[in-house]
Amino acid sequence: MSFSFMNPAAFLILLALPFFYALKKIGLFSHISFPLAFADWNGFEFSWSDRFLRFVSAFSSALVFTAFVLCVTALAEPTVHREERVYTSRGADILFVLDTSPSMAARDINGMRRIEAAKNAIEILAQNNSPASYGLVSMGSEAALVVPSTIDFEYFKSRIDSIALGEMGDGTAIGMGISFAVFHLSESKALRKCIVLLTDGENNAGEIHPETAARLVAKNGITLYALGIGTRGSVPLDYQDPRTGKSYSGYLDSSFDSASLEKLAADLGGRYYGVESVSALSSALASIAKRQEVAQSYYIRSDDIFYYDKFLLAAILCFAAAWFVRRVLLREFV
């Protein structure tokens, strides 16, 4: 986005101001008057004696000057030039499966909750890689699609921000989460499709086994990546159950076997990432996005937004304000 004037030569008119002022000083542009002699007058020309009225008079003159400058600026045609890429082919389809079980409330990712760190990293990735489409499945003991694949970042962000811990139950149904993602990616026409699983535990719920879900992933030509979030050991946790409103605070014994996730990702053309910090999380997601890049065709669309009418309106308002001050407040009628 850039700003420029389509007719900058119009600003040469401003050079007339000092020239006009000089001519006025020598009396060439004085008001037409009819002298009326008073014997022995020897007085002074009119001036405001009240300080406030002197200020108001000066203010009205400033309004006239401002209005003149605004008119000249309007003649210069101020314009904002905006360019954007319009893609004519589809990018990669990336669907996140986010664990929303209560254990994701643990604060061990640089002092942040695991789920908050994950949501922030996903949002940053989606904002910086606009050609791709992004979607999200929320997973607990159950799973549900929260955001279908979209390139509308603002909508994507608002839906992610609305996700609450525990809303899908207390558990980790990895098989169901992956299956939901496959179902919504199976009809995609994107050249590359992938599922990114973000979890801090092993599969312990749901009616679909991860190996069954893996066969569906392979059948539909989808790549799967897995991120194991969290440190090991005793970590602080605070959590409020969205269903009962009851609060929990204490420590979580964090430990899980990542071997099954590592094998799952490797078998499906992806990779497993162990994540224990914000930087590691961001790096893992950036690596995934890079591996899923698709060459896309696009063209540049240019839009010009003209502001001369707004400057002209502002000038009219300044002239009107100056007239009001002079005729109503100062009661000048000459």
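A residue is called buried when its relative accessible area is under 20%, exposed when that area is over 50%, and partly exposed in between, with a 1.4 Å probe and protein chains only. By that scale S2, with a relative accessible area of 38%, is partly exposed. The structure is a predicted model, in which local features need pLDDT of at least 70 and side-chain atom pairs count only at pLDDT 80 or more, while totals for chains, interfaces and linings use all residues. Residues are numbered from 1 along each chain as its sequence is written, and side-chain values use heavy atoms, with hydrogens and water left out.

**Overall make-up**

- The protein chain contains nine helices and 13 strands, where helices (H or I, at least four residues) and strands (E, at least two) are DSSP runs numbered from the N terminus.
- Of the 334 residues in the protein chain, 40% are buried.
- Among the contacts in the protein chain with a separation of 6 or more, 80% are between residues 24 or more positions apart, contact meaning heavy atoms within 4.5 Å.

**The start of the chain**

- S2 has its place in strand β1, which covers residues 2-5, and, leaving aside neighbours within four places in sequence, S2 is in contact with T79, V80 and H81.
- The C-alpha atoms of S2 and R82 are separated by 6.6 Å, although these residues are 80 apart along the chain.

**Nonpolar cores**

- A nonpolar core is a set of buried Ala, Val, Leu, Ile, Met, Phe, Trp, Tyr and Cys residues joined through side-chain atoms within 4.5 Å.
- The largest such core has 41 residues, and those with the most contacts inside it are F96, L136, F156, V196, L198, L227 and L285; its largest share, seven residues, comes from helix α3 (residues 114-128).
- A second, separate core has 27 residues, including V182, L185, I195 and L261.
- Apart from neighbours within four places in sequence, L198 is in contact with F96, V97, L98, D99, A118, I122, L227, I229 and L281.

**Helix pairs**

- Axes are lines fitted to C-alpha atoms, for helices over the stretch in contact, and angles run from 0 to 180 degrees between N-to-C directions.
- The axes of α3 and helix α8 (residues 278-291) come within 10 Å and cross at roughly 40°, with contact made by A117, A118, A121, I122 and L125 of α3 and L281, S282, L285, A286 and A289 of α8.
- Helix α2 (residues 51-75) has 25 residues and reaches 37 Å from its first C-alpha to its last, close to the 36 Å expected at 1.5 Å a residue, the expected span being 1.5 Å times one less than the number of residues.
- Buried residues of α2 include V56, S57, S60, L63 and A67.
- The axes of α2 and helix α9 (residues 308-329) come within 8 Å and cross at roughly 160°, and these helices are therefore roughly antiparallel to each other, a term for angles over 145 degrees, whereas those under 35 count as roughly parallel, 65 to 115 as roughly perpendicular and the rest as oblique.

**Positive phi angles**

- Most residues other than glycine have a negative phi.
- E77 is not a glycine, yet has a positive phi of about 60°; E77 is found in the loop between α2 and β2 (78-87) and is partly exposed, with a relative accessible area of 32%.
- N110, also not a glycine, has a positive phi of about 55°; N110 lies in the loop between β4 (107-109) and β5 (112-113) and is exposed, with a relative accessible area of 56%.
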